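This briefing is meant to be read beside the sequence and the coordinates. The points after the lead are grouped by topic.

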Amino acid sequence: MSKIPTDIRHLIEQSIYLPMTATVLNKDMNVVKKSPFKLKDPYLHLIEEALKLVQKDLAEVRKELRKQKVKVLKAKQDEAFTTYTFYYNGYEEHHSYFNPRIRNKVNELIEHYLFKTEKKSGIPTS
């Protein structure tokens, strides 16, 4: 059984997903810049705004994790799972995440930041 409270666990997971979300958005922005779209600016603006919100939320998550003295380290990764080590309140826990689950969660976050936000920040709770 985990010694990490649910709210801290949510922050830890966001510290895993949000950097991946930012990476995907940055890569997509580069693809759009190199694409043959006639009007790239609306797409670039949409991605830039989403990226700003992701970065803002990530900064808040990292600040809160520092405040709570929580560390998250990637321990190992293979084709199916990625294992992270969480340090919280003197406890060390190892958690494995199914890579398709991570990909699906990052996909949800991208949709959230691109389409479902009305240009306001806030980490989705799901």
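In this predicted model, the largest nonpolar core has 31 residues, and Ile12 and Leu25 are the members that touch the most others. At least two residues of this core come from each of helix H1 (6-34), helix H2 (41-67), S2 and H3, and H1 gives the most, with 10 residues.

**Isoleucine 12 and serine 15**

- When neighbours within four places in sequence are set aside, isoleucine 12 is in contact with Ile4, Leu65, Val70, Val72 and Phe86.
- Serine 15 lies in helix H1, and with a relative accessible area of 16% serine 15 counts as buried because the limit for that class is under 20%.
- A polar atom of the serine 15 side chain lies 2.6 Å from the backbone oxygen of isoleucine 12.
- Apart from neighbours within four places in sequence, serine 15 is in contact with Val61, Leu65 and Val72; Leu65 and Val72 are also listed among the contacts of isoleucine 12.

**The sheet and the helices packed on it**

- Three strands make up an open sheet in the order S1-S2-S3, with antiparallel pairing.
- Strand S1 (71-77) and S3 stand at the edges and have a single partner strand each, so one side of each is left without a neighbour in the sheet.
- Neighbouring strands of this sheet are turned against each other by 25° on average, with direction ignored.
- Between S1 and S2 the antiparallel pairing runs over six bridges, and the bridge partner of leucine 73 in S2 is threonine 85.
- Helix H1 packs on the sheet and touches S1, S2 and S3, and the direction of H1 makes about 135° with that of S2.
- Helix H3 also packs on the sheet and touches S1, S2 and S3, while the direction of H3 makes about 85° with that of S3.

**Aromatic pairs**

- The structure holds three aromatic pairs; one of them joins phenylalanine 37 and tyrosine 43, whose ring centres are 4.8 Å apart and whose planes stand at 25°, so the pair is stacked.
- Tyrosine 84 and tyrosine 97 form an edge-to-face pair, with 5.9 Å from centre to centre and 75° between the planes.
- Tyrosine 84 counts as buried at 6% relative accessibility, and tyrosine 97 counts as buried at 3%.

**Asparagine 99 in helix H3**

- Asparagine 99 is found in helix H3, which covers residues 99-116, and at 12% relative accessibility asparagine 99 counts as buried.
- The side chain of asparagine 99 reaches the backbone oxygen of aspartate 78 at 3.0 Å.

Note on methods
Residues numbered from 1 in each chain as written. Predicted model: local features only at pLDDT ≥ 70, side-chain atom pairs only at ≥ 80, totals over all residues. Heavy atoms only, no water. Helix = DSSP H or I, 4+ residues; strand = E, 2+ residues; numbered from the N terminus. Buried < 20%, exposed > 50% of the residue type's maximum accessible area, 1.4 Å probe, protein only. Polar contact = N/O pair within 3.5 Å; in protein donor to acceptor, adjacent residues only side chain to side chain. Phe/Tyr/Trp six-rings, centres within 6.5 Å; stacked < 30°, edge-to-face > 60°. Core = buried A, V, L, I, M, F, W, Y, C linked by side-chain atoms within 4.5 Å. Contact = heavy atoms within 4.5 Å. Pairing = 2+ DSSP bridges. Axes fitted to C-alpha atoms, helices over the stretch in contact; angles between N-to-C directions.
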